[in-house]
Amino acid sequence: AVGPIVWAVSGVEMALCDLAGKAFNTPVYNLLGGKYRDRILIYADRSCPHDIANLEEWRELACAARDDGFRVIKFDLDVTAFDHTEDEWNRAIPLRQLNKIVQRLTAVREAVGWDVELTVDGHMHYDVRDSIRLANALADLKLMWLEDPTPIVNPDALARVRDKSPIAICAAEMFITEQFRLFVDRGALDIVHPDVLFSGGLHETKKIADYADQHYIPLALHNNGGALATIAAAHVAAASRNFLGLECHFLGSKFLEDFIDRGIPLFDNGHVRLTNKPGLGLELNVDVCKKHMVAGEL
């Protein structure tokens with residue numbers, strides 16, 4: 001029940017920020033302290049191809065994202081070689097599976113070249129030992145970060161991984177401000193990774209960004225929401241000095257853009273471009289929203 005409550009609080013705060021910005025005729029990023037940038041880098045979450053055993057599909061998926069202008073691309077480790085999983089419960093990575101993960105991500109690196117940033121997500125699947133072994137096995141690919149390798153309930157365990165990992169550790173998409181403070185203070189993170197829908201909203205996410213910046217730790221923004229959440233997070237990104245990238249999953253989804261109206265496309269060469277329009281700089285497309293509402297929703 002906690003998740004829906006947090007989402008509701010975050011959504012209300014997001015709406016109030018939009019209303020306040022429109023009342024004062026200023027963009028939301030000014031309510032958060034002003035902007036450092038108006039082009040927000042998107043990192044494209046591509047997860048995996050349909051046929052994970054087909055190296056050509058890995059290459060095509062990565063190159064398509066690159067050719068669409070995205071310069072940071074993420075893949076999901078837990079599905080990269082799930083066809084070689086031996087035990088679904090023990091948090092270990094057998095060597096055969098590890099070798100396939102390396103093979104398939106190496107094909108991606110070779111296809112997109114060395115100027116495209118690649119990141120990987122463990123979805124909290126692995127133990128400390130194999131998270132470290134995984135990080136070392138992937139070190140030559142020069143990954144931007146390794147995300148959530150272990151369950152994010154033990155800062156000391158993640159700190160042990162970070163201490164031995166040649167890849168930066170990014171984690172904690174479901175945390176609120178105090179949890180981020182705990183993990184930063186324990187030395188468990190190289191990159192903080194809040195989500196405006198989990199953290200409590202835009203102002204709470206900005207607090208996380210500022211606390212990380214005081215420790216010279218960069219900010220990436222998790223985002224599994226649609227266009228509205230993407231734009232809201234982009235305002236936090238604009239106002240945060242230490243911002244690295246904002247996630248987007250639903251690339252190519254027509255509905256992702258259609259239910260809001262900004263007057264400009266959502267993506268511009270791998271970025272979200274913010275305007276000086278008041279509030280979040282958008283309006284809901286009521287007709288599209290009504291079309292997709294579940295029976296009984298207001």
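## Packing of H9 and H10

In this predicted model, helix H9 (residues 202–214) packs with helix H10 (residues 227–239) at an angle of about 35 degrees, and their axes lie 10 Å apart. The crossing of H9 with H10 is right-handed.

On the H9 side, the contact is made by Leu202, Thr205 and Lys206, and on the H10 side by Ala232, Val236 and Ala239. Sorted by class, the contact of H9 with H10 has four nonpolar residues, one polar residue and one charged residue.

## The buried side of H8

Helix H8 covers residues 177–185, and four of its residues, Thr177, Phe180, Phe183 and Val184, are buried. Why do they lie on the same side of H8? They cover an arc of only 125 degrees around the axis, so they share one side of H8.

The elements that cover the buried residues of H8 include helix H7 (155–164), strand S5 (169–171), strand S6 (191–192) and H9. After H8 comes Gly187, with a positive phi near 70 degrees.

Two residues other than glycine are described here. Arg91 has a positive phi, near 65 degrees, although Arg91 is not a glycine. Arg91 sits in the loop between helix H4 (77–80) and helix H5 (95–112). Is Arg91 buried or partly exposed? The relative accessible area of Arg91 is 41%, so Arg91 counts as partly exposed, since that class lies between the limits of 20% and 50%.

Ala172 also has a positive phi without being glycine, and the value is near 90 degrees. The loop that holds Ala172 runs between S5 and H8. The relative accessibility of Ala172 is 0%, and Ala172 therefore counts as buried; the cut-off for buried is under 20%.

## Cysteines

How many disulfides does a search of the whole structure find? The search finds zero. Cys48 is in no disulfide, and the nearest cysteine sulfur, that of Cys63, is 16 Å away.

Cys170 is in no disulfide either; for Cys170 the nearest cysteine sulfur is that of Cys248, at 16 Å. The relative accessible area of Cys170 is 0%, so Cys170 is buried.

Technical notes:
Residues numbered from 1 in each chain as written. Predicted model: local features only at pLDDT ≥ 70, side-chain atom pairs only at ≥ 80, totals over all residues. Heavy atoms only, no water. Axes fitted to C-alpha atoms, helices over the stretch in contact; angles between N-to-C directions. Left-handed = near helix turned anticlockwise from the far one by under 90°. Contact = heavy atoms within 4.5 Å. Nonpolar A, V, L, I, M, F, W, Y, C, P; charged D, E, K, R; others polar. Disulfide = S-S within 2.5 Å. Buried < 20%, exposed > 50% of the residue type's maximum accessible area, 1.4 Å probe, protein only. Arc of directions from axis to C-beta.
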